[in-house]
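Have a look at the picture, then read on.

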Amino acid sequence: MFKRIWGWIQRFSSPKHFYSISGKMIPWFAISAIFLGVYGLYMGLFVAPTDYQQGESYRIIFIHVPAAWMSMFIYVVMAVSAGIGLIWQIKLADMIAAASAPIGAWFTFIALVTGSLWGKPMWGAYWVWDARLTSELILLFLYFGYMALQSSIEDQRTADKASGLLAIVGVVNIPIIHYSVQWWNTLHQGATVSKLDKPSMHVDMLIPLLVMAIAAKLFYAAIVLVRARNQVLYRERNRQWVRELVEKL
Amino acid sequence: MLKAFYHLLARDLRLAFRSRHELANPLIFFVLVVSLFPLAVTPSADLLMVMAPGVIWVSALLSVLLSLDRLFKQDYEDGSLDQLMLSPNPLVILVLAKVFAHWLLTGLPLVLIAPLLGMFMYVPDEAISTLIFSLLLGTPVLSLVGAIGVSLTVAVNRGGVLLSLIILPLYIPILIFGANAVDVASDGMSVRGQLLFLAAVLALAISLAPLATAVALRITASR
């Protein structure tokens, strides 16, 4: 049983096999991401009721919250696949980790920007040293560190392993950073601007939010596969099958 | 195993004392950076007192960061790091010895000179002991976590900025709790919680960081 699964994993994770399978998967992910994204945005921006407290500007959460969720989700995916790459020496896992980092960094950036755009009318300032904002900013730095290390080591295998280890160290640190930042904030400034205690959400707001969250996940799946395919082609550029592929074009 | 630990520790200390001028550099840097703040901001006691914990802690952090290079760089360049990795002793123990030596040479001097800087920055007398204790608990973590970063970047040319980029975010919890402990102590409140947290992180770092460092060395330093 175990042997069969292992064999299956190895077959799937061979770059060539991955290249052809992911090519078939990308359109599905992409189309459903677009479909759900358009539907979620329409529901969120036009159909969902206006918030009685925040007016129309609350609608940015349909972008902001999924982006913030993705920023953390992708870091965990990155660390887990880097761990798989380190432990079982599966090159494909390393490529997924490397392909994920810029996407995660962009989601973090979007979460920060939309958050500060929302903060201006709500809090009266673009940036507040709120605990969540701060730990999101630190997360962005962690992504930058990973990408910097990945790109500054020339040997690809070493770069993968080294930055993979960094991602794992980072994932151990994230809870510590998160809670210490929260603790720091509560001590420094009382509840002047902290999150408004959200009343439980109206269903008409919750559904578009969840749809957008799923759309973001599918979008990530599509993009990470595209990026990983590029990595495969680049890293295997001297292999026979890549050459044949290129000649066919 | 213990013998190897002592030998490596003694070797690193001996090597460091052979070039004494280098030994003082992080310390001078620490004092220098702290004394820049009154010059740049204001010499007024009220304001400096408020800023003191943060300024002293950030300076200590930068000073450790700049000195991290000597943890593995020279050994990497002259090949003794390869010898260490070939030795039958567990690499984790050897890493621990090297990190301990590094702390004795950079962290401990910072702790010892901190009261003087506290005076410079008008830290109240009753907070000075907290400053010392928080640094005593925090600086070893800086060395331990920094060791992971150095071992990842040791083979990279001009890895200095890269090192700070990957290590500084990981230092944030220590900075928060260390500076906050001094801050709270200045107000005359109990700092048990902060110091216990620092101690907990130290325990975690001692048990996990050398493992990560050993793995990182095997990845990057094996040519």
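## Before we start

To talk about how helices sit against each other, we need axes: these are lines fitted to C-alpha atoms, over the stretch in contact in the case of helices, and angles run from 0 to 180 degrees between N-to-C directions. Two packed helices are then described by the angle between their axes and the distance between the axes. Keep in mind that this is a predicted model.

## Chain A at a glance

Let's begin with the overall build of chain A. It holds eight helices and zero strands, so to speak a plain α-α-α-α-α-α-α-α run when you read from the N terminus.

## A helix with a bend

Helix 4 of chain A covers residues 91-123, which is 33 residues. From its first C-alpha to its last it reaches 46 Å, close to the 48 Å expected at 1.5 Å a residue. Where does helix 4 of chain A bend? Look at A:Ala101: the bend there is about 30°. A proline, A:Pro102, follows within four residues. Just after helix 4 of chain A comes A:Gly124, with a positive phi of about 85°.

## Two helices at an angle in chain A

Now find helix 3 (residues 61-88) and helix 7 (residues 203-235) of chain A. Their axes are 9 Å apart and the helices pack at an angle of about 45°. That makes helix 3 of chain A oblique to helix 7 of chain A, and their crossing is right-handed.

Which residues meet here? Helix 3 of chain A brings a set including A:Phe62, A:Trp69 and A:Met70, while helix 7 of chain A answers with residues including A:Leu209, A:Met212 and A:Tyr220. By class, this contact has 14 nonpolar, no polar and no charged residues.

## Helix pairs in chain B

Over in chain B, the axes of helix 7 and helix 8 come within 9 Å and cross at roughly 170°. Angles over 145 degrees count as roughly antiparallel, and helix 7 of chain B and helix 8 of chain B are therefore roughly antiparallel to each other. Their contact has 18 nonpolar, eight polar and one charged residues.

Another pair in chain B is helix 3 (residues 45-67) and helix 6 (residues 91-120), packed at an angle of about 155° with axes 11 Å apart. That makes helix 3 of chain B roughly antiparallel to helix 6 of chain B, and the crossing is right-handed. Among the residues making the contact are B:Ala52, B:Ile56 and B:Val64 of helix 3 of chain B, and B:Leu110, B:Ala114 and B:Leu117 of helix 6 of chain B. The contact has seven nonpolar, five polar and no charged residues.

## Where the chains meet

Finally, the two chains touch: 18 residues of chain B are in contact with 22 residues of chain A. On the chain B side, helix 7 (125-153), helix 8 (160-186) and helix 9 (192-220) each supply at least two residues. Which helix of chain B gives the most? Helix 8 of chain B does, with ten residues. By class, the side of chain B that touches chain A has 16 nonpolar, two polar and no charged residues.

Methods:
Residues are numbered from 1 along each chain as its sequence is written. Chains are lettered from A and ligands numbered from 1 in the order in which they are written. This is a predicted model: local features need pLDDT of at least 70, side-chain atom pairs count only at pLDDT 80 or more; totals for chains, interfaces and linings use all residues. Two residues are in contact if their C-beta atoms, placed from the backbone, lie within 7 Å. Ala, Val, Leu, Ile, Met, Phe, Trp, Tyr, Cys and Pro count as nonpolar, Asp, Glu, Lys and Arg as charged, and the others, Gly among them, as polar. Angles under 35 degrees count as roughly parallel, over 145 as roughly antiparallel, 65 to 115 as roughly perpendicular and the rest as oblique. The expected span of a helix is 1.5 Å times one less than its number of residues. The bend at a residue is the angle between axes fitted to the seven residues ending there and the seven starting there. A crossing is left-handed if the near helix is turned anticlockwise from the far one by less than a right angle, and right-handed if clockwise.
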